[in-house]
Amino acid sequence: MQRADFHFDLPPELIAQRPPAERGASRLLVLDGGATPRDRQFADLPDLLRPGDLLVFNNTRVMRARLFGRKDTGGAVEVLVERLLAPDLALAHARAAKSPKPGRLILLAGGGRLEVVARDGALFRLRALDAPFKDVMEAQGHIPLPPYIARADDTADAERYQTVFATREGAVAAPTAGLHFDQAMLERLAALGVARAEVTLHVGAGTFQPVRVDDLDQHPMHAEWLEVSAAVCEQVAATRAAGGRIIAVGTTSVRSLESAAAAGGDADTLRPFRGDSRLFIRPGYRFRVVDAMITNFHLPESTLLMLVCAFRGHERMLAAYRHAVTEGYRFFSYGDAMFLTRRD
């Protein structure tokens, strides 16, 4: 398939710039049977689940990864920390009129210095000279809102751009399907008999990287670090044995589970996995683990849209997106959600 096969027209006013007033106060588009989508509310989610189902969440936590400063030569620079390599060493994007060169310094607006150690492809290795990176980010870092949110972050984003179950810091973007869940919903689902598991995938800035080639075989998929534990593998196996469904909360949970399954090499057994994944899920992919998913709406021609098209079917998914546009659903990170079952 070609990149253009995943295009749809999206009016800019449907791109959510802020979260709803309360977590869970969003709409839910359901595609779980035939070709016709159903319009529901996220509060209706328990009606779509069954006792014995297993919900798999991504427990990553978004870092205050955006820093501002100036090069020691004078030009403004914006740093986006992609990954911490050591307490004082990070892999980061550095946006400036002219790229900083190895050996130069970045003088942070709130004080402190970063040394440009080396270029690493499109990224830079930066060393924090005056304090550990975590301390620097905590003191003066900003929440790295996605590029389609046309405003600076504010104090509300520090709480609303995190899931209520976020525990393992390391992401530069939220696993946004999880943003709809509040503690009350988690308690409702537990009372229903729906089990819960957690994986970790530290979402990188590459999740927003556009597909720049027409031939999808030529697209260089970005790497993201993830972990699927032995305990999660046991929960999946027990759920399967009891006839329950594996329901991934977000494409990051899908990618985590399917990456672990692919790495194991056995189509019938999910094994623990810890490391980077470049798994590119698109139409033609055979899902090994996930039966259903909860997800937000994704950008046109994006790898995430390709993933959900692989899961539900290309034509049905794009028809559902056209329905969502017509009905005025809110799109992207702070937008509405979908509940999808895997196509037969």
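Predicted model: local features only at pLDDT ≥ 70, side-chain atom pairs only at ≥ 80, totals over all residues.
Start at Arg342, which is partly exposed with a relative accessible area of 30%. The side chain of Arg342 meets that of Asp291 in a salt bridge, at 3.9 Å from N to O. The cut-off is 4 Å. Where do the two partners, Arg342 and Asp291, lie? Arg342 sits in the segment after strand 17 (337-341). Asp291 belongs to the loop between strand 15 (273-277) and strand 16 (292-296). The pair therefore ties together parts that are 51 residues apart in sequence. Asp291 is buried, because its relative accessible area is 18% and buried means under 20%.

Next, take Glu227 and Arg168. Their side chains form a salt bridge at 2.8 Å, N to O. This pair links distant parts of the chain. Glu227 is in strand 13 (residues 224-228), Arg168 is in strand 11 (residues 168-171), and the two are 59 residues apart. Arg168 is partly exposed, at 32% relative accessible area.

Now turn to Asp154 and Arg151. A salt bridge joins their side chains, with 3.7 Å from N to O. Arg151 has a relative accessible area of 19%, so Arg151 is buried.

Which residues join Arg151 and Asp154 in one network? Arg18 and Asp157 do, through salt bridges that share partners.

How many salt bridges are there by this rule? The count comes to 24.

Notes: Residues numbered from 1 in each chain as written. Heavy atoms only, no water. Buried < 20%, exposed > 50% of the residue type's maximum accessible area, 1.4 Å probe, protein only. Helix = DSSP H or I, 4+ residues; strand = E, 2+ residues; numbered from the N terminus.
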